[in-house]
Amino acid sequence: MPKLYFDIQEKIDESFKFKLLKPFGPKIGHIKLNDSFIKKMIDLTDNILNDDERENFGKHLAGRIREEPRIPTKLLKEEGVHQLICNFQNQYINSIFPQGMHMGGKYRQVKTDIVSAWIVSQYENEYNPPHWHDSCIISSVMYLKIPELIPRNIPYKEKSDGNIDFINNACTPHAALEDPIKSFAPEVGDMFIFPSRLIHCVHPFLGPGERRSVSVNGFHLIKMDE
């Protein structure tokens with residue numbers, strides 16, 4: 001009679017070659033920003049948050065957050081960060097389509113650009129419910145300030161305050177053989193790039209400090225070989 005249950009540590013014989021293929025599903029890019037870029041973005045966002053005439057972008061957003069001012073594309077160019085952010089998006093696209101292959105053909109050029117950018121200046125008890133971004137293809141978030149959080153100290157519960165969760169579907173992980181939720185506790189300098197259709201959310205937190213991030217929506221165009 002065949003075994004129905006196997007020990008979790010059991011492995012197949014080494015004469016069988018096994019590897020896990022991951023051709024499907026949303027890919028999340030992760031970048032560690034350097035100190036000079038972080039400082040430049042903090043200075044840029046400080047100036048916007050201190051501007052009495054800043055444009056509140058929140059009416060277009062899902063966040064239950066008071067301060068979500070728009071970052072004009074012109075300002076990103078003037079501060080010399082627009083092209084660098086496009087380069088980040090470029091790197092993400094090229095990592096998804098290795099060796100320049102896309103849809104069965106070879107491409108020789110990728111162009112990315114920014115659709116919109118805004119600050120998320122989040123404070124205690126504010127949060128972002130599950131949502132996705134439309135009118136774009138690529139979304140990203142970079143973290144500039146992370147406050148010291150006051151722990152809730154709830155027994156038997158994992159710490160998730162201030163985390164960002166990415167949610168791929170509504171399946172149960174054991175039935176679908178995949179975990180539908182990936183949670184990150186971001187640090188200053190973390191940047192995540194992901195498909196704009198990927199559902200994500202941000203948990204509230206306790207504590208007096210500011211959790212500041214910048215979100216960027218973009219798109220890409222691929223030029224195929226003739």
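I counted two rings of Phe, Tyr or Trp (for Trp, its six-membered ring) as a pair if their centres lie within 6.5 Å, with planes under 30 degrees apart called stacked, over 60 edge-to-face and the rest tilted. On that rule I found 7 aromatic pairs in the structure.

**Basis**

I worked on a predicted model, where local features need pLDDT of at least 70 and side-chain atom pairs count only at pLDDT 80 or more, while totals for chains, interfaces and linings use all residues. I numbered residues from 1 along each chain as its sequence is written, and side-chain values use heavy atoms, with hydrogens and water left out.

**Entry: Phe57 and Trp118**

I looked up Phe57 and Trp118 and found a tilted aromatic pair, 5.4 Å centre to centre with 40° between the planes. Helices below are DSSP runs of H or I with at least four residues, strands are runs of E with at least two, and both are numbered from the N terminus. Phe57 lies in the loop between α1 (35-49) and α2 (73-78) and Trp118 lies in strand β3 (residues 105-122), so the pair ties together parts that are 61 residues apart in sequence. For accessibility I used under 20% relative accessible area for buried, over 50% for exposed and partly exposed in between (1.4 Å probe, protein chains only). Both Phe57 and Trp118 are buried.

**Entry: Phe166 and Phe184**

I then took Phe166 and Phe184, which form an edge-to-face pair at 6.0 Å centre to centre and 75° between the planes. Phe166 belongs to strand β6 (residues 164-167) and Phe184 to strand β7 (residues 181-184), so this pair ties together parts that are 18 residues apart in sequence. Phe166 is buried at a relative accessible area of 2%, whereas Phe184 is partly exposed at 23%. I noted one aromatic cluster formed by Tyr143, Phe166, Phe184, Phe192 and Phe194. The charged end of Lys182 sits over the ring of Phe184, 5.4 Å from its centre; the test asks for NZ of Lys or CZ of Arg within 6 Å of the ring centre and within 35 degrees of the ring normal.

For strand pairing I required at least two DSSP bridges between the strands. β6 and β7 pair in the antiparallel sense over 4 bridges, and Ile167 stands opposite Ile181 in β7. β6 also pairs with strand β9 (residues 199-202), in the antiparallel sense over 4 bridges. The bridge partner of Phe166 in β9 is His200.

**Entry: helix α1**

The 15 residues of α1 should span 21 Å, and its end C-alpha atoms are 21 Å apart, which agrees. Its buried residues are Phe37, Ile38, Met41, Ile42, Leu44, Thr45, Ile48 and Leu49. Down the axis of α1 they fall within an arc of 165°, so they line one face of the helix; the arc is that of the directions from the helix axis to the C-beta atoms. On the face turned away from this buried side I listed the exposed residues Asp35, Ser36, Lys39 and Asn47.

**Entry: Thr73**

Thr73 lies in helix α2 and is partly exposed, with a relative accessible area of 23%. I found 7.6 Å between the C-alpha atoms of Thr73 and Ile114, which are 41 residues apart along the chain.

**Entry: positive phi**

Which phi does Ser135 have? It is positive, about 60°, although Ser135 is not a glycine. Ser135 is found in the loop between β4 (128-131) and β5, and is exposed at 64% relative accessible area. Asn153, also not a glycine, has a positive phi of about 55°. Asn153 is in the loop between β5 and β6 and counts as exposed at 64% relative accessibility.

**Entry: whole chain**

I listed 4 helices and 10 strands for the protein chain. From the N terminus on, the elements run β-α-α-α-β-β-β-β-β-α-β-β-β-β. Of the 226 residues, 39% count as buried. The mean pLDDT (the predictor's confidence in each residue, from 0 to 100) is 89, and 88% of the residues reach 70 or more. I found confidence lowest in strand β2 (residues 101-102), at a mean of 59, and highest in strand β5 (residues 138-145), at 98.

Technical notes: The expected span of a helix is 1.5 Å times one less than its number of residues.
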